[in-house]
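Trainee: Could we go through how some of the helices pack, one question at a time?

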Amino acid sequence: MSLASGSSTRRRTPEELKTPEELTTTEDLTTSKDLTTSEDLTTTEELTTPEELSAPATGTSSASTEESAAVLPAAPSRPRLPRPPALPRILRAALTGATKSAAIVALLLVWELAPRFGLVDRTFLPPFSEVAQAWWELVANGQLADNARASLVRSFSGFGIAVAVSVPLGLLIGWYRPVADLLNPLLQVFLNTAALALLPVFVLLLGIGETSKISIVVYACAWPILFNTISAVRTVDPTLLRLAKSMDLSAPRLFQKVILPASVPTIFTGIRLAGAVSIVVLVAAEMIGAKAGLGYLINASQYNFAIPQMYAGIVTISVIGVAFNQLLVAVEKRLSSWRVPATS
């Protein structure tokens with residue numbers, strides 16, 4: 001019995017495993033797979049030769065994979081928007097620049113032709129070409145650079161101090177209404193007192209040096225920035241405030257996330273006004289008592305009857321003012337980039 005059981009439990013070799021019945025079963029399965037492959041190929045309308053049907057299983061599967069990949073449709077690609085040609089864009093930019101500069105070009109043309117045709121006395125208003133020549137001479141001998149540097153240092157120093165003081169103070173006064181009601185009468189008095197009217201007072205108290213000139217610029221620039229900041233805080237959209245309060249924001253977070261971003265455009269309106277005021281007031285202060293600066297250059301040229309040099313100084317002040325204003329506009333756009341532009 002033990003021998004019989006041992007012979008019955010003996011493992012068969014690989015050759016013994018493949019009996020004729022099993023080989024027949026394997027061949028049937030292979031044939032069915034090949035037939036299925038041929039039917040699939042016929043269904044997909046692929047031309048299949050008898051040689052391909054009689055090929056080994058490995059070759060048939062690889063060929064079927066390649067043909068199936070060829071039958072699959074290509075992934076749809078995103079339609080590319082046609083790029084506008086470069087020439088129309090350049091023409092459009094040139095047309096925009098010409099439109100913006102047309103008024104200035106017309107002014108310079110009138111300035112050039114009016115003295116030459118005798119419409120005005122060219123002794124007191126020389127043609128623009130003579131003024132441009134005098135401006136280039138001032139640049140060449142270094143006088144224009146020295147005087148412009150002195151004016152810019154004074155103007156930017158006073159302007160920066162005014163911004164650093166007036167913006168936080170305006171935010172504080174605008175946020176706390178009782179403080180605004182208390183200080184508003186006093187602020188109105190200072191707002192309506194001209195800075196140039198107080199120039200002799202600044203000179204008497206601070207001397208004729210740099211301190212008095214920077215202080216008069218700070219005084220002149222502080223009020224436009226302060227009042228625009230107060231107005232910006234007090235005129236924030238009430239809908240934004242209600243939405244922020246419904247989200248249970250704390251007072252500091254409400255101020256940071258809602259009040260301050262919404263106030264940026266109005267605050268920068270005051271800053272841009274103060275930038276123009278800083279140059280105007282400084283030039284007037286330099287005409288009274290200074291040894292350098294664009295105001296000093298204009299006053300000295302008028303005193304020496306160098307009229308083209310005087311107009312060259314005036315043109316330089318105008319160019320500096322326009323460039324400074326454009327710089328402030330660029331900063332404002334950067335800080336208020338979250339605003340959605342209005343569409344028609």
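Trainee: At what angle do helix H12 (residues 238-246) and H13 pack?

Mentor: This is a predicted model in which local features need pLDDT of at least 70, side-chain atom pairs count only at pLDDT 80 or more, and totals for chains, interfaces and linings use all residues. Residues are numbered from 1 along each chain as its sequence is written, and side-chain values use heavy atoms, with hydrogens and water left out. Helices are DSSP runs of H or I with at least four residues, numbered from the N terminus, and axes are lines fitted to C-alpha atoms over the stretch in contact, with angles from 0 to 180 degrees between N-to-C directions. For H12 and H13 the axes are 10 Å apart and the angle is about 150°.

Trainee: How are H12 and H13 therefore oriented to each other?

Mentor: The two helices pack at about 150°, and angles over 145 degrees count as roughly antiparallel. H12 and H13 are therefore roughly antiparallel.

Trainee: Which residues in H13 do those in H12 meet?

Mentor: Contact means heavy atoms within 4.5 Å. From H12 come Leu240, Leu241, Ala244 and Lys245, and they meet Leu254, Val258 and Ile259 in H13.

Trainee: Where does H13 bend?

Mentor: Helix H13 (residues 251-288) has 38 residues, yet its end C-alpha atoms are only 49 Å apart, short of the 56 Å that a straight helix would reach at 1.5 Å a residue; that expected span is 1.5 Å times one less than the number of residues. A bend is the angle between axes fitted to the seven residues ending at a residue and the seven starting there. In H13 the bend is about 50°, a proline, Pro265, follows within four residues, and the place is Val264.

Trainee: How are H14 and H15 therefore oriented to each other?

Mentor: The axes of helix H14 (residues 294-303) and helix H15 (residues 307-335) come within 8 Å and cross at roughly 160°. H14 and H15 are therefore roughly antiparallel.

Trainee: Which residues of H14 make the contact with H15?

Mentor: On the H15 side the contact is made by Gln309, Met310, Gly313, Ile314, Thr316, Ile317 and Ile320. On the H14 side it is made by Leu294, Leu297, Ile298, Ser301 and Gln302.

Trainee: Which residue has a positive phi, although it is other than glycine?

Mentor: The residue is found in the loop between H14 and H15. Its phi is near 60°, and the residue is Phe305.

Trainee: At what angle do the axes of H8 and H14 cross?

Mentor: The axes of helix H8 (residues 143-175) and H14 come within 7 Å, and they cross at roughly 130°.

Technical notes:
Angles under 35 degrees count as roughly parallel, over 145 as roughly antiparallel, 65 to 115 as roughly perpendicular and the rest as oblique.
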